[in-house]
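Subject: Handing over a structure

Dear colleague,

Please read them alongside the sequence.

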Amino acid sequence: MLSSLLLLLALSNAIEASGEESDGGLCDYKVALDPRPHSVSITEFGAVGDGKTLNTIAFQNAIFYLKSFADKGGAQLYVPPGRWLTGSFNLTSHLTLFLEKGAVVLGSQDPTHWDVVEPLPSYGRGIELPGRRYRSLINGYMLDDVVITGDNGTIDGQGSMWWNWFNNKTLNYSRPHLVEFVSSKSVVVSNLTFLNAPAYNIHPVYCSDVHIQNISISAPPESPFTVGVAPDSSDNVCIEDCTISTGYDSITLKSGWDEYGISYGMPTTNLHIRQVHLQSSAGSTIAFGSEMSGGISQVLIEGAHLYHSSSGVEFRTTRGRGGYITDISISGLEMEDVHLAFSATGQCETHPDDNFDPFALPAVNKIFIQNVTGKNISIAGEFTGIRESPFTSICLSNITLSITSELPASWSCSNVSGHSTSVSPEPCPELQVGVPCLNSSWSGRIFSQSSSIGRAEAL
């Protein structure tokens, strides 16, 4: 263990030395991983890495002990190689959870090992069932300065039983996620592999300053509604250098559901996504909504490879959502074998209950998409806005898609308007009649002036 710690100290110092800030997007504010002054191994608390022994109490006791070092520079919980079975547990502030190469944290397949908690206030109920929900495997609530990292260790949710219960409609509560941070700040998740999440893999909600870097996420194509990363009512989020392959959405941005999201009023804003490889079997590689009642704005996406997917980029909303999706800049996409390249719909008719306001109309505008290439694309775009609240200022530029289907039209549009330049195949007339739009300067201005991700301490 000592040799591993010395190696990690050297690595962290190298990262810190190269972590100079730049004037670009949020992801250009490099996170310096400083060593924690205290470290313990999970084995010191009686954990057994045989894949059979339940280690929930060991994780809970270790984190309770390390909490005492919060005002002394923080601490690290080291997980050595092995298969560490556990139920849900909570992290603490100023903590690093480090998974060594060969370490696998396994989610228990006994639902009684997963706590049941109240629904998020911006949703009013569980996503899948009314009422409460299962707590995620690894949780952080109102924390500051937390890191989950490693030398490509693995967090495996063993989600097949949850998928079966979902498909058979025998769930008692809405499914859990692998990692969830609630109302936390200065969060880093890096250098790990995530497998077989029951539902979402990483869910930061009501969070600020979140950096998700160099992770791999995988779930089988048949896994129902499994999601990679879901920033939710959060701000200052960077997602970069990640490879994500899921049953549903790879990356989805959310901000609350109907009247609950409107009342909570916390948007998702100031996001930077770059250099990601995304594959979605049944959903979209990059999705906005459909739960977006708190609003989504100021999102910069650049340099993404989208492949073997049902949908590329999708904007989802409906009557009753309220909120907005605005100031979205997307560039440098490479698509390959994607059925539907672009989609915007106002017909996602799902609601938490019957108390939503049907006159709460969402606004979708200022969407800039440019510098995109695609091959083996079936449908270029489907844009279906809301008659009482059309989608406006949809700006397309320098897009070339190779269409394989024999449909008479590659684009379809209604209740939408915008402008296009150098787009092939030629989009529908509704996307050619608007005033030519210049990509606004908000992306560079907002991101360079926003607070940096911060210096998250690790080790």
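Rings of Phe, Tyr and Trp (its six-membered ring) are taken to pair if their centres lie within 6.5 Å, and a pair counts as stacked with planes under 30 degrees apart, as edge-to-face over 60 and as tilted for the rest. By this rule the count comes to 14 aromatic pairs. One of them joins W114 and W162 in an edge-to-face arrangement, with 5.4 Å centre to centre and 75° between the planes. This pair links distant parts of the chain, since W114 is in the loop between β7 (103–107) and β8 (116–117) whereas W162 is in helix α3 (residues 160–168), 48 residues apart; helices (H or I, at least four residues) and strands (E, at least two) are DSSP runs, numbered from the N terminus. Both W114 and W162 are buried, where buried means under 20% relative accessible area, exposed over 50% and partly exposed in between (1.4 Å probe, protein chains only). W114 and W162 also belong to one aromatic cluster with Y134, W165 and Y173.

Before going further, please keep in mind that this is a predicted model, in which local features need pLDDT of at least 70 and side-chain atom pairs count only at pLDDT 80 or more, while totals for chains, interfaces and linings use all residues. Residues are numbered from 1 along each chain as its sequence is written, and side-chain values use heavy atoms, with hydrogens and water left out.

Turning to helix α2 (residues 56–66), its buried residues are T56, A58, F59, A62, I63 and L66. They lie on the same side of α2 because they cover an arc of only 165° around the axis, the arc being that of the directions from the helix axis to the C-beta atoms. On the other side of α2, I57 and F64 are exposed.

C242 is found in the loop between β20 (235–240) and β21 (243–246), and it counts as buried because its relative accessibility is 0%. Leaving aside neighbours within four places in sequence, C242 is in contact (heavy atoms within 4.5 Å) with I212, Q213, N214, I215, Q275, V276 and H277. The C-alpha atoms of C242 and L192, which are 50 residues apart along the chain, are separated by 10.0 Å.

With kind regards
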